[in-house]
Amino acid sequence: VGIAYEEQPEVFDPFYRGSNSAVGGSRGGGVGLTLVEQITRRHHGLVELDSHPGEGTRVALTLPGS
């Protein structure tokens with residue numbers, strides 16, 4: 001369903017659930033993206049969010065090669 005533009009900076013905050021989180025029966029405690037970001041950062045990686053309201057959301061991880 002996408003994330004409202006004004007809410008996108010907050011999606012990696014612990015326990016944050018956006019206003020569209022109940023649409024489509026979405027459940028969760030708001031910790032998933034927080035964990036993804038923390039683990040990725042600890043591996044010196046990058047998390048990118050690309051979300052368009054009414055269309056959808058893409059979260060991309062870039063991790064350094066070994």
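Guide: Let's start at histidine 44, which sits in the loop between H1 and S1. Keep in mind that this is a predicted model.

Visitor: Okay, what's the phi of histidine 44?

Guide: Histidine 44 has a phi of about 60°, a positive value even though the residue is not a glycine. Most residues other than glycine have a negative phi.

Visitor: And is histidine 44 buried or exposed?

Guide: Histidine 44 is exposed, because its relative accessible area of 68% passes the cut-off of over 50%.

Visitor: Where does phenylalanine 15 lie?

Guide: Phenylalanine 15 is in the segment before H1. This residue is exposed too, with a relative accessible area of 62%.

Visitor: Changing topic, what's the average pLDDT of the protein?

Guide: The average is 88, and 91% of the residues score at least 70. Where pLDDT is low, the predicted coordinates should not be read in detail.

Visitor: Which elements have the lowest and highest mean pLDDT?

Guide: Helix H1 has the lowest mean among the elements, at 94, while strand S1, residues 46-52, has the highest, at 96.

How values were computed
Residues are numbered from 1 along each chain as its sequence is written. This is a predicted model: local features need pLDDT of at least 70, side-chain atom pairs count only at pLDDT 80 or more; totals for chains, interfaces and linings use all residues. Side-chain values use heavy atoms; hydrogens and water are left out. pLDDT is the predictor's confidence in each residue, from 0 to 100. Helices (H or I, at least four residues) and strands (E, at least two) are DSSP runs, numbered from the N terminus. Buried means under 20% relative accessible area, exposed over 50%, partly exposed in between (1.4 Å probe, protein chains only).
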